[in-house]
Amino acid sequence: MPDWLTHLIIGLVLIELIPLKKKGWKSLILLGTLLPDILTKLLLVEKWIPLPESLSVLTAFHIPLILALFIFLIAPLFKSNYRIVILALGLGTASHLLSDLMLHHLDPASGIMLFYPFSFVRFSFGWFWPEQSYLILIPLLMVYLGTILVKKFVKEEAVWSKID
Amino acid sequence: MSKNKKSVWKYFIYFLILIPFIFSLFHYGLYFGDKEKTLEHFYLKDGSEEFGYKRTVMGAYAGEFESDPKTGFYLLHNTKKIPVFYLENYFVDYPNSYTPPKYGEVAVYGYKTNEAIYALSIHNYNYNYVLYFISFFAGLFILAFFFREWKITWRGFENA
């Protein structure tokens, strides 16, 4: 995975680009950007305590179909518009999977099973190693700051044109 | 549609999603178990045949072999210290010398036997600990942002 800061910045860019006013959706996009990792990272406990091998099933939370079903199942927990909750969590999660797809893996057969259960082929663009995530983090930060500046400029222009 | 009927309908749809979700997890577990546990054979330099599972194992570098540093090193994977041998004839990444990772972990891809890993390739995740540190704070930020917009109640999450 790229580091969580990269996933977070992708989420923040999405928030700036999507003109939704519904309360709570911003944090759901951000939550979605980490959703595939939250359960998978529970396996890190194994660094200190041996875990049963059956728990390796948690790696399934990087499969689009399983994640989509999971989002449909947890969406009712949020007392808000069901469709918006699914859309926000789904967008965040999709951004996570897309950024994970860019990663290079040591095992040539590694990657994301995009078409599970129809195909077990794992996909990966292999553009950079996980520790090189700064290669997308820096351009993303520039995009994020640029978006904020452009939005501020447009807002100020609108205020001035009203005064004129 | 009456309120009661609507509620029953909602539960029915929920179970329609829950069943494939559980089934997929079971299926993935079985697939993972079968596919990733296929024993494969490989040959050592002396020509002898060995068997192991092809795996990527990640962990901390735990020092070179004292007897012959050129043949491999120790990897601390979770609580186990595993010897990693460079598999000659296959191994191409570091033919003569291996440099340990800087502030990070090492991943070894190769044949895992009960006692050791015979490496096909190795990658150093340099500065990975720095990324873990940054990720921790990114996670905290998201948690704080989330609870600024949502609060936990007995019925689930409601807008704060």
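Visitor: What makes Phe157(B) the bridge partner of Ile152(B) in β8(B)?
Guide: The strands are DSSP runs (helices are H or I, at least four residues; strands are E, at least two; numbering starts at the N terminus). Two strands pair if DSSP finds at least two bridges between them. Strand β7 (residues 150-153) of chain B has four bridges to β8(B), so it counts as paired, and the two run antiparallel. Ile152(B) with Phe157(B) is one such bridge pair. β7(B) and β8(B) form a hairpin, with two residues between them.

Visitor: Before I go on, what kind of model is this?
Guide: It's predicted: local features need pLDDT of at least 70 and side-chain atom pairs count only at pLDDT 80 or more, while totals for chains, interfaces and linings use all residues. Residues are numbered from 1 along each chain as its sequence is written, with chains lettered from A and ligands numbered from 1 in the order in which they are written.

Visitor: How do you know which residues of chain B are in contact with chain A?
Guide: Contact means C-beta atoms, placed from the backbone, within 7 Å. By that test, 39 residues of chain B touch 35 residues of chain A. α1 (3-35), β5 (105-112), β6 (117-125), α2 (128-149) and β8 (156-159) of chain B each supply at least two residues of that side.

Visitor: And what makes the classes on that side of chain B?
Guide: Ala, Val, Leu, Ile, Met, Phe, Trp, Tyr, Cys and Pro count as nonpolar, Asp, Glu, Lys and Arg as charged, and the others, Gly among them, as polar. That gives 21 nonpolar, 15 polar and three charged residues.

Visitor: Why is the largest nonpolar core called a core?
Guide: It takes buried Ala, Val, Leu, Ile, Met, Phe, Trp, Tyr and Cys residues joined through C-beta atoms within 7 Å, where buried means 20 or more other C-beta atoms within 10 Å of a residue's own (exposed is 12 or fewer, partly exposed in between). The largest such set has 37 residues, and Leu8(A) and Leu28(A) are among those touching the most other members. α2 of chain B is one of the elements giving it two or more residues.

Visitor: Which residues does Leu8(A) contact, leaving aside neighbours within four places in sequence?
Guide: Leu30(A) and Thr33(A), plus Ala138(B), Phe141(B) and Ile142(B).

Visitor: What is the pattern of chain A?
Guide: α-α-α-α-α, with five helices and zero strands.

Terms used: Contact = placed C-beta atoms within 7 Å.
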